[in-house]
Amino acid sequence: MENIISLRNLKVEFNGTRVLRGIDLDVFRGESLVIVGSSGCGKSVLLKTILKLLRVDEGEILLFGKDTGRMSDREMMGIRSRIGMVFQNSALLDSLTVWENVGFYYLYHTDYTEAKIKGMAVDILKSVGMENVEDLLPEQLSGGMKKRVSVARALISKPEVLFYDEPTTGLDPITAESITNLIKDIHRRLGTTDITVTHDVRLASRISDRIALVEAGRIEDIGTFEELKKKSQNPIIRSFVDGGANNEER
Ligand SMILES: Nc1ncnc2c1ncn2[C@@H]1O[C@H](COP(=O)(O)OP(=O)(O)OP(=O)(O)O)[C@@H](O)[C@H]1O
Ligand SMILES: [Mg+2]
């Protein structure tokens with residue numbers, strides 16, 4: 001199996017407070033890894049650190065087999081475009097329209113014409129079930145629509161890897177289910193490697209090939225749904241494996 005992401009003894013601290021205390025993790029091509037852990041344990045920090053949006057204090061991050069520690073900014077930009085991130089709370093820019101948000105990278109980092117970028121944005125929006133919204137502002141969208149726009153923005157560079165940070169948090173159950181279906185559909189259709197951080201037991205049970213638990217800044221437990229169901233004693237893991245969707249639904 002090809003290793004897409006390898007983390008070795010990854011440590012991150014803020015003002016002397018250690019958040020990540022030695023994360024070791026391998027993510028394989030095509031899998032869907034779900035990351036769980038209590039609030040504030042460093043799940044969002046972990047995703048941002050992999051993208052080098054936060055500073056690494058110690059350890060190694062290998063992306064697509066390359067050590068990012070020795071990469072130039074330019075090389076890292078290239079790597080980043082192969083990984084799409086759907087941020088917690090969607091993180092859309094209020095003053096930009098939907099299509100400008102989706103096409104943001106191309107508007108500011110390429111010399112493509114606006115018409116071309118808008119066309120790309122409209123196409124990718126359609127692929128996530130959003131039509132005739134390109135000229136709206138984020139404030140005119142519901143929570144579920146914002147999430148889809150945020151997914152479209154992550155998809156526009158045709159990434160091989162997708163990070164979803166709490167994609168269903170704050171949504172009503174029906175909208176959460178539709179976002180779950182969207183994530184599953186993208187994974188099947190595009191064959192992406194996914195890492196999803198979530199507290200949503202149902203989402204985790206429907207999309208995960210493996211589940212990893214972050215606790216005290218380390219990966220405390222990792223395995224397939226069935227493996228963890230058999231062997232894990234951890235209460236957080238137990239709540240996921242005992243409460244999830246049944247096999248037919250997965
Ligand atoms: N840029 C930053 N500067 C300083 N501290 C930060 C920064 N980002 C995160 N932290 C701290 O790191 C810790 C982990 O935060 P993080 O957002 O990763 O938690 P989380 O596991 O994603 O929680 P939640 O499930 O609530 O989203 C918290 O104590 C947070 O305050
Ligand atoms: Mg978080």
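**Exercise 1. Find which residues Asp67 touches, leaving out residues up to four places away in sequence, and decide whether Asp67 is buried or exposed.**

Step 1. Contact here means that C-beta atoms, placed from the backbone, lie within 7 Å. By that test, Asp67 touches Glu60 and Leu62.

Step 2. Count neighbours. A residue is buried with 20 or more other C-beta atoms within 10 Å of its own, exposed with 12 or fewer, and partly exposed in between. Asp67 has 12, so Asp67 is exposed.

A word on the model: it is predicted, so local features need pLDDT of at least 70 and side-chain atom pairs pLDDT 80 or more, while totals for chains, interfaces and linings use all residues. Residues are numbered from 1 along each chain as its sequence is written, with chains lettered from A and ligands numbered from 1 in the order written.

**Exercise 2. Work out the strand order of the open sheet and which strands stand at its edges.**

Step 1. Strands pair if DSSP finds at least two bridges between them. Strand 1 (residues 3-14) and strand 2 are joined by nine.

Step 2. The order is 2-1-4-5, with antiparallel pairing.

Step 3. Strand 2 (17-28) and strand 5 (66-67) each have a single partner strand, so they stand at the edges.

**Exercise 3. List the buried residues of helix 5 and say what covers them.**

Step 1. Buried are Ile117, Lys118, Ala121, Val122, Ile124 and Leu125.

Step 2. Their cover includes helix 3 (98-102), helix 4 (104-109) and helix 6 (143-155).

Methods
Helices (H or I, at least four residues) and strands (E, at least two) are DSSP runs, numbered from the N terminus. Two residues are in contact if their C-beta atoms, placed from the backbone, lie within 7 Å.
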